Each structure stands twice: as C-alpha cells, then as structure tokens.
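Look at the structure below.

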Amino acid sequence: MASSGYSDLRDKLKSMTPHRDEVKNKYADGESNGKGSVKRKFRESDDDEQHGHSDDSAESREQEAGRVKGSILQENIFTPEECALIEEKIDDVVAKGEAGLYREHTVDRAPLRNKYFFGEGYTYGSQLEKRGPGQERLYPKGEVDEIPSWVHELVIKRLVSSGVVPEGFVNSAVINDYQPGGCIVSHVDPLHIFARPIVSVSFFSDSALCFGCRFQFKPIRVSEPVFVLPVRRGSVTVLSGYAADDITHCIRPQDIKARRAVIILRKTRPDAPRLDSEGSFPVERPAPLKAKRSHRRADSNAARRPRVLEMDKEENRHPSNSHHHRRPSISSENYWRRGQESDKHRESSGRKVKMRRH
C-alpha cells in the first residue's frame with residue numbers, strides 16, 4: 001500500500017473516480033441534459049409526501065437509537081499509563097506477525113486493517129464456502145495461537161476486578177489494528193458462534209462505533225448511522241441485547257483519523273459449529289437404505305435350490321477375465337479417495353437408489 005503514495009483509503013478511492021465530483025456538480029447546478037430539459041431526481045409534486053415520510057422515518061430512527069443506547073455499557077477503566085503499556089504489547093504482536101511467528105490462521109490482513117486471532121478463530125467474509133449469516137465456523141482447535149499472557153494479566157484481570165466480565169468468561173481475544181482511513185463493514189457478531197456480551201477495549205486514539213449503516217463500494221460510501229457511539233482511548237464498550245443482536249455495527253473510514261487498535265474479548269458457545277481438521281465441513285454420509293419387503297408368495301422349493309449370487313452371475317458372464325481381475329485394496333489411498341468422491345456425488349445428485357430383490 002505504501003508504494004501507491006496513499007496513506008488514507010478514502011484519498012485513493014477518490015482519485016480513482018474523479019468523474020463522480022463532476023457529475024455531482026453537474027446535477028447540483030441544474031445543467032441541461034442536451035434536450036432542453038433539466039434532469040431532476042425527485043418531482044416537485046412529491047415534496048409534501050417526502051416530508052411526511054421523512055418525519056416518520058426520523059421518529060423511527062430516534063426510537064431505534066434509544067434501543068441501541070439502552071443496551072450499551074461504556075466505562076473508562078484504563079489509565080493513560082496502562083494504555084501505553086498495553087500499546088507496547090500490541091506493537092510486539094504486530095512485529096511477530098510481520099516476522100511470521102504466528103500460526104496460519106492467527107493473522108488476517110486487509111487494506112489498512114489487520115486482525116490477530118487468539119484462543120479461537122473463525123471463518124468469515126470471503127473465507128466462507130457459502131456466504132450469509134450463520135455460515136461462519138470456528139477453526140479446529142490449535143489453528144490459532146493461545147491468548148497471550150499479557151492480555152490475561154493486563155486486560156482480562158482488570159475487567160474481572162471491575163465487574164465487567166466474570167472469571168473464566170473470555171476464551172477468545174481478537175486484536176484489530178487500524179491505520180488511518182481503515183474500516184470494518186457493518187456486521188453482527190455471529191450469534192451461533194459467540195455468547196453475549198461482546199466486550200471491546202480501545203487503544204492508541206479516539207474513534208467512533210456506528211450502528212445501522214449501509215456500505216456501498218467502488219467508491220466506498222457509508223449511509224447515515226442510526227446511532228454513533230464515541231469510543232475513547234482506554235474506554236471499555238460492552239454490547240448486549242439490541243445493540244449486539246438486532247442491529248449491525250461498523251467502523252467508518254472517516255472515523256479512523258489516526259492509528260487505532262481495539263481488543264475484542266468474547267466467549268464462544270459450547271455448541272458453536274467447527275470445521276474439521278482438514279478445514280472443511282464434515283461429510284455427512286447417507287443412511288444405509290433398507291431392503292423393501294417382498295409381497296410375493298414364497299416358493300416352497302426355493303430352500304432346496306442353490307442360491308446364485310450376483311457376483312457369481314458376473315463371473316459367469318466374463319469367465320475369461322475373472323482370473324485377471326484384481327480387486328482394489330481397501331487400504332489403497334486412491335480407493336479411499338474414489339469412495340469419498342462417490343459419496344459426495346451421491347449426496348449432490350440426490351438420486352434415490354432402489355434396492356434389488358434377490
């Protein structure tokens with residue numbers, strides 16, 4: 001990113017689309033579209049109706065903002081001296097990440113924002129095989145590094161002694177390190193992964209946490225938030241209820257004016273879904289089919305006749321090749337792979353197999 005000459009994502013995106021300002025000015029000045037008419041976004045006759053909807057919308061947003069505010073707890077717990085010590089430890093984490101000293105899924109890099117997962121990590125965003133809420137999965141145990149001892153000593157113990165979280169609550173710590181102009185899009189912390197509350201502690205600089213925004217990209221734009229919560233350096237923010245579950249929250253690019261880091265402390269649910277050791281969803285094998293009961297009358301002489309099996313019929317059809325045919329070994333890797341591929345094909349095709357009667 002440094003080679004491009006931009007330190008702020010907003011400046012880079014603006015330089016990539018300079019024509020947008022010209023178009024905006026064109027319609028703001030009421031410039032003709034070349035056919036003697038002026039292009040307008042709204043009809044004058046709609047003004048009264050729009051004002052009516054605007055009043056209703058404003059009242060609804062105000063009520064929603066009240067629900068958000070009522071489900072947030074915020075306290076200034078960490079002193080400037082404590083912040084400075086913790087910020088040194090965060091710098092150490094960044095240095096170790098740059099040196100490649102962490103496990104593969106501990107570090108997740110994005111433009112102007114890096115994430116460091118400790119204790120528990122999970123798939124999200126572009127990492128998901130299927131997009132959408134509820135698709136997130138915890139990584140297998142041991143795929144991310146353990147929570148550093150300094151997080152326990154300097155942060156978690158302080159929160160426990162202040163009554164913010166009970167002893168033993170936190171088993172997941174994430175450090176988000178933002179550069180100026182960095183952001184994180186609107187989201188809800190996965191309900192099926194994390195218990196409530198969600199606790200975060202801010203460091204390096206002041207910022208804001210916004211609720212109810214919508215993001216648009218190319219270039220990046222963010223709608224007006226329902227509620228804006230200032231977050232100061234050293235402050236602790238606790239989300240529960242409506243603020244945690246029923247409305248999205250985000251960090252806007254314009255709210256990161258200087259480097260900022262946040263430590264997010266959570267507890268994973270005991271029944272949270274987890275990837276298998278190969279990083280994929282466990283394969284559910286179809287239940288074995290039951291043979292259908294025959295309604296035909298039994299042959300009284302059937303017991304006296306020798307039974308001809310299907311494998312015997314096959315050998316009788318190809319007697320010349322029977323002694324050259326070798327069955328694959330069950331321990332063979334290729335045989336195991338073919339079996340898995342066959343299982344996956346049966347699952348995806350959804351075809352029903354009819355049992356043969358003997």
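Contact here means heavy atoms within 4.5 Å. The model is predicted. With that cut-off, what covers the buried residues of α4? The cover includes the strands β2 (107–110), β3 (113–118), β4 (172–178), β6 (198–203) and β13 (260–266). Helix α5 (149–161) is also part of the cover.

Now take α4 itself. The helix runs over residues 80–98. At 1.5 Å a residue, its 19 residues should span 27 Å, and the end C-alpha atoms are 27 Å apart, so the two agree. Its buried residues are Cys83, Ile86, Glu87, Ile90, Val93, Val94 and Gly97. Seen down the axis of α4, these buried residues fall within an arc of 110°, so they line one face of the helix. The spacing follows a general rule: an α-helix has 3.6 residues a turn, so residues three or four places apart point the same way. Glu81 and Glu88 lie on the other side of α4 and are exposed. After the helix comes Gly100, with a positive phi near 70°.

Next, the packing. The largest nonpolar core has 31 residues. Phe78, Trp150, Val155, Leu159, Val236, Ile263 and Leu265 touch the most other members. Two or more residues of this core come from each of α4, β3, α5, β4, β6, β11 (235–239) and β13.

Trp150 ties several of these names together. Leaving aside residues up to four places away in sequence, Trp150 touches Ile86, Lys89, Ile90, Val93, Val155, Ile175 and Ile263. Another core, of 30 residues, lies apart from the largest one. Its members include Ala65, Tyr178, Leu209 and Phe227.

Terms used:
Residues numbered from 1 in each chain as written. Predicted model: local features only at pLDDT ≥ 70, side-chain atom pairs only at ≥ 80, totals over all residues. Heavy atoms only, no water. Helix = DSSP H or I, 4+ residues; strand = E, 2+ residues; numbered from the N terminus. Expected span 1.5 Å × (residues − 1). Buried < 20%, exposed > 50% of the residue type's maximum accessible area, 1.4 Å probe, protein only. Arc of directions from axis to C-beta. Core = buried A, V, L, I, M, F, W, Y, C linked by side-chain atoms within 4.5 Å.
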